[in-house]
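Subject: Structure handover

Hi,

Here is the structure I promised to pass on. Please open it alongside this note.

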Amino acid sequence: MNDMQFEPKDVFRKLEFDKILDLLEKEALTPMAAEVLRDIRPETNFQNIDQCLREVREFKLALEKNDRFPIEGFPDVRPDLKMLDIDGYTLLSESFQGILRLLLIMRDVFKFFASGAKKEIYPKLYELTRHLSYDEGLAKAIMAVFDEKGDIRPDASPELQRIRRETQSKMRELDSRFRQVVQEYRSKGWLADSPESFRNGRRVLTVPSEHKRKIRGIIHDESDTGRTAFIEPEAIIEINNDLFDLEQDERREIYRILRELSQTIRPYSPVLKAYFEVLVKLDIIHARARLALAMKGNMPILKEKPQISIRRGYHPLLLLKNKAQGKKTVPFELRLNSENHILILSGPNAGGKSVAMKSVGLLQMMVQCGLLIPVHELSEFGIFHQIFADIGDQQSLDDDLSTYSSRLQNARVFLEKATPKTLVLIDEMGSGTDPKPGGAIAEAVLRQLHRKGVFAVITTHYSNLKVFAFRNPGILNGNMHFDKDTLSPTYELKVGRPGSSYAFEIAEKSGLPRDLIQYARNRTGSETAVDDILIELQREKQELEEKLLSIYDKEQNLARLIKTYDSMHHDLEVKRKRLKLDQKEHELRISANTSREVEKIIRQLKEEKNLEKAQQVSQQLRQERQEKAQAVDAVNAEVVRLEEKNIPSAASRPLAEGDYVRLRAGGAIGRIEQIKGQKASVLMGGITVQARLSDLQPAAAPIQQTSNISLTDVQRAASFDAKIDLRGMAKDEAMRVLEKFVDNALMSDASSLRILHGKGDGILRKVVRQKLREYGSSIGSLYHPPQDDGGDGVTIVDLV
């Protein structure tokens, strides 16, 4: 059961949803779509609602872009298609005209989606026709029989063409012979002033009664007065008979043609029914889109669980009415969720409380009917299974119920049937009886609704309900803003504070005597004070909550900044180690290149019988190469260690395709392309290599950098000046220059830095130490040289 449930049954009328249906019905192009739109009801299936909303949004887009979608009016062909299913049944000419209209519109729809672009722009609309195909032969078969005006074509068949040719010939012969007869009898004075007429489908003479016996022929009729007779002259009877026979032949031939045409399209009856259903569906979507365009409707974010988050929402009917009158409509904002699911709305009469409450219910019903609504597109609407509404005077003479009795009866039904998926709307809760017991009963009902977890918007003037909302989490106070200076409503919904009725201010403005108003103030006393105190408390509470939210946001931002800083610092450390690794590898390659020259020297020494010296040179060469290789391995291990810090739970799962890995023996990082059994294909530097899974270990995604250090880069590092002079610089400038200097030093793998800052009052010295502390473990030690080498005016930095 996907339909929404309502209590009482006239909720549609109470929320004015029936007026929305009237507007929808007027936008329909066909009576079939209008009939469907008149009967639509909100449903609870998320997929159906989402599908419908997206279809309407796409059609609205087509209207906004003036991208004419080929939907037009067409007749209801369902009765004709039903009769067509009867074997041997022959459709009438009018039936074929309706079917042809259907086919031509459907042809245009297929042409609309013929280009791939339209399928991409309107995917949901295309989905309606994707499973169908179009056969041009059907329309051509019908157009071969009928012309543009819907008449049978003269050349619909050779036999029909022959019959009509003979008919035209007989008509010419009849016209010629009839003129001769008229001329003959007119010369004798036997005809009336208007000599000819038509009776029983035949051309006849108009003869005064006194001459009717003088003319041979058939009397077909006489005038009411009996003074005129209508005679078919004997000379044209045979021609008229021939024409009558030809008419019968033509009628029989047309029936044969229509019978054959019916037989031709009978197998396509299911396809025609599918076309009909699609076009009716498109007309329904078109009507919804037209209404959405008129009220500037948007598709909100749809959620499966009940919730309401309205941004810049409008009452649809009020918006259309004000738009027609050139008036401005004030939007409202409202958010109800599982934490705060009830809104108690208070404020002066005629301030817009009831309109705001009805707007919530009407917008919710429209969304669940698949209609776009006048809200911001970032608004969110969940799916409710029930809507209960207690609005207006429900006095019933038939059931012997007063207004208050009917309200109590509604409350009983609401409490019995309500669930957390129910939206309850109550206008002027507790009114209709003595305020004290009425307010107490209203509070008890509110308490029970709150416990059931229902979503509700409730308007009231009762202070005890405002206090109850203030004291209980999950219930919000709200008010319709009232301008105290002009004593007029602004129609703005303010959530977070209760409203006042401003009864005394409005009474004073209306001209009631001051002493009368003062007397009334004295009589209310503490009740008015409670309202004022409650409003002030709610204001302070809201301000505190806003400050706490601001602090929380700042804490979150700070946490993100710290995380970003740590990540950047780690990346810088990895880059520095990688640079060092590349330099060591470069030195090892240079050593390998020079080893050939050394070996040549060794061979010369052997040839000269100087074996002792050759052994010394060889041993020295091996030791140098071993030391460089060890240095490369040490730096490589450090890079791996740093990179593995960025691999969450690297060893907690087996390697998979797409993972970044490196060989356990060391080397570049690659990406697994394919895994077959215990072997993997790994893409490294544009080359695919094969390796066993046991020889691979997880690695972080490679940092984008140059894979090899060129000789120019090494020369640039070698030319780095490890001294800097900060004297005479301002504090900010010195910190900026020093940061760039230290970064370059780290990238150049410098081991020691000399920073000249001068003695003075020690400000620059403190700046230097403060800045260097930011580099953490990259800085080894800080110290001042002897006095004769600069003393306190110079800081020496040893880098790790």
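Below is what I found, starting with confidence and then going through individual residues.

Confidence first. This is a predicted model. The average pLDDT for the protein is 82, and 81% of the residues reach at least 70. Among the elements, strand β10 (residues 380–381) has the highest mean pLDDT, at 96. Helix α22 (residues 711–718) has the lowest, at 46. Two stretches deserve a note. Residues 395–400 have pLDDT below 50, and this stretch makes five contacts in the model beyond near neighbours in sequence. Residues 705–717 also fall below 50. That stretch has 14 contacts beyond near neighbours in sequence.

Next, backbone geometry. Most residues other than glycine have a negative phi, and most peptide bonds are trans.

- The peptide bond from E7 to P8 is cis, with omega near -15°. P8 sits in the loop between β1 (5–7) and α1 (11–14).
- E16 is not a glycine, yet its phi is positive, about 65°. E16 lies in the loop between α1 and α2 (17–27).
- N66 also has a positive phi, near 55°. Its loop runs between α4 (46–64) and α5 (78–84). N66 counts as exposed, because its relative accessibility is 68% and the cut-off is over 50%.

Then Q307. Where does Q307 sit? It is in the loop between β6 (301–302) and β7 (308–313). Is Q307 buried or exposed? Q307 is buried: its relative accessibility is 15%, and buried means under 20%. Its side chain makes a polar contact with the side chain of E380, at 2.7 Å. Residue 380 belongs to strand β10, the element with the highest mean pLDDT. Leaving aside neighbours within four places in sequence, Q307 is in contact with L336, E380, F381, G382, F384 and F455.

Last, G201. This residue is in the loop between β2 (196–199) and β3 (202–208). In contrast to the buried Q307, G201 is exposed, with a relative accessible area of 71%. G201 and N240 are 39 residues apart in sequence. Their C-alpha atoms are 9.3 Å apart in space.

When you go through the model, I would look at these places in turn: the cis bond from E7 to P8, the positive phi at E16 and at N66, and the polar contact between Q307 and E380.

Best wishes

Key
Residues numbered from 1 in each chain as written. Predicted model: local features only at pLDDT ≥ 70, side-chain atom pairs only at ≥ 80, totals over all residues. Heavy atoms only, no water. Helix = DSSP H or I, 4+ residues; strand = E, 2+ residues; numbered from the N terminus. Buried < 20%, exposed > 50% of the residue type's maximum accessible area, 1.4 Å probe, protein only. Polar contact = N/O pair within 3.5 Å; in protein donor to acceptor, adjacent residues only side chain to side chain. Contact = heavy atoms within 4.5 Å. pLDDT = per-residue confidence, 0-100.
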